[in-house]
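Hello,

Here is the model I promised to send over. Have a look at it first, and my notes follow below.

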Amino acid sequence: RPFEAAATRYTDVPFQRAGASGVQLPKVSLGLWQNFGRDRSFDSQREIVLHAFDRGVVHIDLANNYGPPYGSAESTFGAVLESGLARYRDELFVTTKAGYDMWPGPFGDGGSRKYLVRSLEQSLQRMNTDYVDVFYSHRVDPDTPIEETATALADIVRSGKALYVGISNYPAPLAKRAYELLAEQGVKLLLHQPRYSLFDRTPEAELFPLLRELSVGSAVFSPLAQGLLTRKYIDGDVPADSRAANSFFLNGSALTDGYLDRIRGIDRIAQEANLSIPQLAIAWVLRDPVVTTAIIGASRTSQIDDAVAASQVTLSDDVVAALDEFAAP
Ligand code: NDP
């Protein structure tokens, strides 16, 4: 089946500049952490990625070990490229990462130069592409000097295998250090990737002020708290086709009384604003331009459409203030 992208693909999602850089990203992006391993059908995975592209969600976020098994989300994405999307490679913004457990032994985990350089090489092979747009250090490795990690990232940019670099899950002081070490080597940090949602506001305290000061963008992950910020668990049950029923990373123990109170409060605000909870939750993370893009996950194409709709919404100050009561303390 030859793929012809929709002519309207740049009409739906607003784009926003990442900090003070030349890069503009769609305000919503698609992450392939879950739903893109060998546990789902390739046809539905391909449909979701192509649908995202057709709607302007041209930023696809990966990591070396997304699956299961490790590496398979990149292989799936490579197969989608192969199946017709590759002719649009330069319209796509593809990111990957290394930092967490990937292969056995000391070279397959952490922040060493050996791990980062060889992992990126493997990622490019799995995706069968010449370059990624951003290569991230996925986490701080407390046992590797940050100088080694930053120098490896700078050298990766110079090698042309990544056009930009990012860091993920770095607390503010180490993010600042990584920014400075990269700057000393002539490389500007493009993006930080933290977790951020109505249920996790940690970045607001220190990280976002730092990113504003440094003019660095952010690509925030799990803006729907893995699906908790939807109506699907609002009665306290776990639907069979939901992530809480099928993933190692979320289960019914998240549906506490405190959660149910919060989600019911958020639902009332969403209904008054004529939005779905996911639309409200995504528009909420996007309310401040320090957030360049919200990286959602999707198990079906309708979830892409919800996110695209959310990217067009500006919340009123009243709605934002009302949400404080039900957001994470
Ligand atoms: P979300 O919080 O967006 O959760 C996505 C899940 O929520 C979907 O798979 C789906 O689950 C459900 N969902 C999404 N939209 C809707 C909707 N409109 N209505 C109902 N349910 C919906 O993000 P993820 O936790 O999936 O993370 C997104 C991406 O962020 C990852 O793929 C990855 O790229 C990145 N990430 C990065 C990390 C890092 O350390 N840097 C860590 C974690 C994620 P279902 O339908 O199956 O219930």
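A polar side-chain atom of Asn 169 lies 2.9 Å from an oxygen atom of the ligand, which is a polar contact (a pair of N or O atoms within 3.5 Å; within protein, one must be able to donate a hydrogen and the other to accept it, and residues adjacent in sequence count only if both atoms are side-chain atoms). Gln 303 also has a polar side-chain atom 2.9 Å from a ligand oxygen, and for Arg 243 the distance from a side-chain N or O atom to an oxygen of the ligand is 2.7 Å. There are 31 residues around the ligand, and those that come nearest are Asp 61, Ser 222, Lys 232, Ser 299 and Asp 306; a residue is counted if one of its heavy atoms lies within 4 Å of the molecule.

Before you read on, please note that this is a predicted model, where local features need pLDDT of at least 70 and side-chain atom pairs count only at pLDDT 80 or more, while totals for chains, interfaces and linings use all residues. Residues are numbered from 1 along each chain as its sequence is written, and side-chain values use heavy atoms, with hydrogens and water left out.

Now to the aromatic rings. The structure holds 10 aromatic pairs, meaning rings of Phe, Tyr and Trp (its six-membered ring) with centres within 6.5 Å; planes under 30 degrees apart count as stacked, over 60 as edge-to-face and the rest as tilted. Tyr 10 and Phe 15 make a tilted pair, because their ring centres are 5.9 Å apart and their planes stand at 50°. Tyr 10 is partly exposed at 43% relative accessibility, and Phe 15 is partly exposed at 30% (buried is under 20% relative accessible area, exposed over 50%, partly exposed in between, with a 1.4 Å probe and protein chains only). Phe 248 and Phe 249 pair edge-to-face, with 5.2 Å from centre to centre and 85° between the planes. Of these two, Phe 248 counts as exposed at 74% and Phe 249 as partly exposed at 45%. One aromatic cluster is formed by Phe 3, Phe 53 and Tyr 88.

Two lysines are worth a look as well. Lys 97 lies over the face of Tyr 136, 5.7 Å from the ring centre, and the charged end of Lys 114 sits over the ring of Phe 107 at 5.2 Å from its centre; the cut-offs are NZ of Lys or CZ of Arg within 6 Å of the ring centre and within 35 degrees of the ring normal.

Best wishes
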